[in-house]
Amino acid sequence: MYQILHTTVLFSGILNSMKLNIRQKHIFFILGSTAIIYALIVGYILVISSRNQNAALERNAQLETKHTAAKLSELLTTEMQLVTTLGQSMGVYENMTENEWQDLFIDMMKKVEERNSHLFALWCGVELSAYVPGHTNPGRRQLAVWHERGELKIGNHVKGLEGDSPLYGIARRSDNGCVWEPYLDKAEGVEERIMMISVVAPIRDSKGRFAGVAGSDIGLRQLQKMVEELKPIEGSLACVVSHGGIVAAHTMTDFINKRLEDVFPGEVELHELYQRVARGDEFSYIRFDEKGEQHTVFFCPIYIGETEAPWSMSLSVPLAVIHEASKRTIRLILIFSVLGFIVLATILLLVSNSISRPIMRMTQSLNRLADGEMSDDLTLQMATGDELEEMANALNFSLTGLNSKARFAKAIGDGVYDCELELLSERDALGQSLIQMRDNLRRASDKEAVRRSDAERAAWANAGHARFGELLRQHSDDLQKLCDGVVAEMANYVGVNQVGLFLQADEPDERGEMHYELHSTFAWNRKKHMRKDIGEGEGLVGACVLERAPIYMTDVPDNYITITSGLGEASPRCLLLVPLKTDDEVVGVIELASFRVLEPHETDFIERVADSMAGTIRSVKVNARTRELLEQSQVQAEEMKAQEEEMRQNMEELQATQEEIARKTEEISGFVNSIQSASFVVEYDTNGTVIDVNEAYLLLAGKSRSDVIGKHHSDWLTLTPEQQQGYSEFWDDLRAGHSRKQRTLVTLQGREVELLEVYIPVHDGDGHVIKVMKLGFRQSEFEKNK
């Protein structure tokens with residue numbers, strides 16, 4: 001592309017230096033450049049077309065190889081799945097007798113052989129050590145089923161008594177089955193020997209141990225047929241190579257059962273064909289045949305089930321055939337390119353004549369116009385029906401518009417900004433520039449007027465802020481004077497007719513809600529619904545408090561408010577309510593009513609003054625409240641002094657009481673310790689279950705606390721028949737709050753112990769029995785203490 005541009009620029013410079021007219025330039029420049037560009041483009045197309053066609057044919061051959069490899073993989077995988085399924089079926093019958101599993105396996109293989117007529121033989125080798133109990137020596141039972149002269153033959157014999165054959169060893173070591181290398185064999189009904197393979201899958205018992213192999217013998221006729229049909233390009237040669245490098249099928253049958261070095265002499269080691277086929281690589285390379293012709297050889301892997309020994313599909317494509325097809329395409333492109341250039345040159349010459357003659361006429365008119373001539377004979381009459389006619393009409397139209405633009409420019413210079421100019425079109429740049437100049441001058445004049453107005457409003461607002469700031473400072477110690485002065489000054493300075501100021505009440509109303517009181521007014525006179533007290537959210541004032549935002553209305557309800565004078569009364573046209581906010585707290589609302597509509601700068605000024613008022617009003621209220629609290633604190637200090645003396649006397653009495661309680665507590669603690677050490681103490685709930693016991697009882701019983709807690713009262717008692725009859729009444733009396741005393745014979749540590757027991761109900765604060773405490777004494781100790 002760079003060369004094309006460079007050549008075009010160079011050619012253009014040469015023509016310009018020759019001072020040719022437009023027709024000559026058309027012929028030499030356009031036609032010459034077109035010839036050069038045309039030749040370069042055609043050459044580029046030929047190269048790219050040839051290259052793309054060669055690549056497309058090679059890609060097609062590679063895709064055909066992959067497609068055939070996938071079909072072969074599917075075919076062989078199906079055979080592997082058939083044998084794998086047969087082997088899995090045989091692995092679950094190891095517990096049968098030898099005759100039973102032999103008959104069963106033969107019957108299974110016969111059914112499979114009958115349903116799959118393409119199989120030459122179906123066989124299995126069963127390890128005797130896995131299926132025959134007590135057999136530990138090498139050897140396997142070989143069972144086979146095959147067709148011979150139209151009949152189904154059965155083979156049954158023992159093999160491998162002296163060890164495994166190499167092929168059987170390969171099958172034994174493979175977890176996912178394997179395919180034995182192709183071999184020539186004579187099949188029933190076929191005179192010559194044919195290529196065959198054996199597909200083998202392991203048999204495993206129910207515990208996953210190796211128990212033998214199942215296999216099928218398959219002819220490779222279908223593989224050979226698929227290979228012979230694979231001819232994407234004339235002269236292609238295809239073959240199927242096994243994992244071990246044996247040719248299983250080939251377009252040329254002489255190479256069948258040959259090895260890779262026989263088919264590709266001198267290329268096996270150079271391109272590592274055995275290793276790459278064994279790894280399952282997909283690759284290609286360029287080779288030369290015995291005639292010295294180039295071939296592209298493609299190898300694509302063929303995966304068989306889950307085996308680890310892939311085969312490979314190979315296709316050799318002659319490059320000479322591919323190049324010949326490209327040459328035919330190039331010849332056709334060249335022929336049509338030459339014919340096309342001849343037609344193009346003829347058309348360019350005709351178009352050049354039709355363009356150059358009208359352009360010469362327009363050039364003459366433009367030269368006269370450039371000299372300032374404005375005569376009628378400058379206009380051009382053309383009826384070519386193309387752009388040249390449009391150019392002539394545009395020139396004529398431009399001459400008409402020049403006069404109107406001159407008049408428009410003169411009016412603007414005189415300061416007349418409302419004059420109009422009709423544009424020649426939407427693309428009339430000169431006219432649009434003149435109109436834009438008029439608009440800019442008009443906007444500049446309007447901006448100057450706005451600037452003067454803004455300056456006047458800013459000066460008015462600054463003066464107002466100063467006046468209200470001074471007013472707020474003068475009355476910072478008197479809230480009422482402050483409010484009266486603010487509303488009066490607001491009405492006079494802003495020029496409104498009525499002003500009212502509502503402030504937040506210091507205390508909630510009788511309903512416990514905050515409300516706002518009308519604190520100061522100016523020229524205020526309501527006819528209806530006159531109120532001095534407004535709650536939050538009630539009316540416009542309450543709504544202003546609740547929303548914490550100004551409310552501006554120009555459509556005031558008829559009966560909301562009236563402005564009265566000596567001549568009559570009327571409703572205002574404008575109403576403004578502004579909240580007095582400080583720290584998100586609304587301390588009040590200022591309400592203004594006017595016959596005229598307030599300007600935006602006036603409402604902004606009122607809102608700013610309201611912010612200043614809010615802080616000042618809050619400070620005044622805080623100061624007043626501070627003075628009030630100071631007075632209250634002085635009175636409370638005197639009261640606290642008297643109360644302090646009274647508290648001192650109470651503390652002395654409390655100390656004496658605490659000393660008495662401590663003495664009583666010590667006496668009770670000594671009494672309880674005495675009981676714990678002198679008796680056996682057990683606590684029961686109201687159902688007779690032990691909930692606590694002291695150490696003396698645990699020593700007597702010879703048990704741990706966990707053995708006793710949760711036991712019932714009767715678990716260790718030896719009751720007489722009379723005691724058993726009264727046992728329920730005994731616990732009813734205790735639950736009723738009556739104490740009981742009795743002698744009890746208890747069996748503890750294998751001996752009977754007679755105890756004197758006292759049962760005492762324990763009450764809560766409401767007088768209900770919550771538990772029962774038992775104090776027990778040995779009879780001998782009790783008599784001694786007595």
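Here are some notes on this predicted model, point by point.

1. Ground rules. Since this is a prediction, local features need pLDDT of at least 70 and side-chain atom pairs count only at pLDDT 80 or more, while totals for chains, interfaces and linings use all residues. Residues are numbered from 1 along each chain as its sequence is written, and side-chain values use heavy atoms, with hydrogens and water left out.

2. Overall make-up. The protein has 19 helices and 25 strands (DSSP runs numbered from the N terminus: H or I of at least four residues for helices, E of at least two for strands). Of its 786 residues, 36% are buried (buried is under 20% relative accessible area, exposed is over 50%, partly exposed is in between, with a 1.4 Å probe and protein chains only).

3. Contacts and surface. Take the contacts with a separation of 6 or more: 52% of them link residues 24 or more positions apart (a contact means heavy atoms within 4.5 Å).

4. Cysteines. How many disulfides does the structure hold? The count is 0, taking a disulfide as a pair of cysteine sulfur atoms within 2.5 Å. Cys 124 is buried, at 0% relative accessibility, and Cys 300 is buried too, at 8%.

5. Strand E23 (residues 740–748) and strand E24 (residues 751–763) run antiparallel and are joined by 9 bridges (strands pair if DSSP finds at least two bridges between them). One of the partners to look up is Val 746, which is bridged to Val 753 in E24. The hairpin has 2 residues between its strands, and Gln 749 in the turn has a positive phi of about 55°.

6. Positive phi in loops. Glu 272 is not a glycine, yet its phi is near 50°. Glu 272 sits in the loop between helix H7 (260–263) and helix H8 (273–279), and is partly exposed at 41% relative accessible area.

7. Another one. Arg 548 also is not a glycine and has a positive phi, about 55°. Where is Arg 548? Look in the loop between helix H13 (539–547) and strand E16 (551–553). With a relative accessibility of 36%, Arg 548 is partly exposed.
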